[in-house]
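Please look over the charged side chains in the structure shown here. This report covers how they pair.

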Amino acid sequence: MSEVSQETGPTAGATGGTGRSAGPLDEVDRRILRELVADARLSIRTLADRVHVSRTNAYARVERLLRDGVLAGFTARVAPEPAGLGTSAYIALTIEQNTWREVSAELAQVRYIEHAALLSGEHDVLALVRAPDNATLRDVVLDRVQSIAGVLSTRTWLVFEEFDGTLSPWA
């Protein structure tokens, strides 16, 4: 049987046998996440003031969110174009059945691939590439990605413009 705390529902890691998640987030947790997504450099004091809880409560909640894996870490967001990566593209890969582990391991080692996801549907993998220019993008796709054992085909879409959704769960 799962343990339950008065504050947040099931205790961290208690999933009731479903293997899905650590427990529901309450409104204070969601406000903390919104603030940290907007500015991960906030001090605990400022965070506590903004979400209207004590510093001790804010610190304990951030520690719990980290421990439960809800907060996966704190990073800087880099704007690709000013950082010299002016060409972005999504590459859809079709791969041989049962090669996703090997293909994933190889893709993780390809310079300029920022993110990759295993998919269901027409394509098997979708990778986001950020490169300095079109020539580098061509090399990534034709020389690196298409040479990975298990990759049957690729399809590339250039990104013309990007934006973040305003209705993100954390906005």
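A salt bridge here is a side-chain nitrogen of Lys or Arg within 4 Å of a carboxyl oxygen of Asp or Glu. By that criterion R130 forms a salt bridge with E114, with the closest N and O atoms 2.6 Å apart. The pair links distant parts of the chain: R130 sits in strand 5 (residues 125-131) and E114 in strand 4 (residues 113-118), 16 residues apart. R130 counts as buried, at 8% relative accessibility.

The model is predicted. A search of the whole structure finds 9 salt bridges. Three of them are set out below, including the pair just described.

| Pair | Closest N to O distance |
|---|---|
| R130 and E114 | 2.6 Å |
| D26 and R61 | 3.0 Å |

Take the pair D26 and R61, which forms a salt bridge. D26 is buried, with a relative accessible area of 18%. R61 is buried too, with a relative accessible area of 5%. The cut-off for buried is under 20%.

D26 and R61 also belong to a network of salt bridges that links them with D29 and R64.

D139 is partly exposed, with a relative accessible area of 30%. R138 counts as partly exposed, at 46% relative accessibility.

Technical notes:
Residues are numbered from 1 along each chain as its sequence is written. This is a predicted model: local features need pLDDT of at least 70, side-chain atom pairs count only at pLDDT 80 or more; totals for chains, interfaces and linings use all residues. Side-chain values use heavy atoms; hydrogens and water are left out. Buried means under 20% relative accessible area, exposed over 50%, partly exposed in between (1.4 Å probe, protein chains only). Helices (H or I, at least four residues) and strands (E, at least two) are DSSP runs, numbered from the N terminus.
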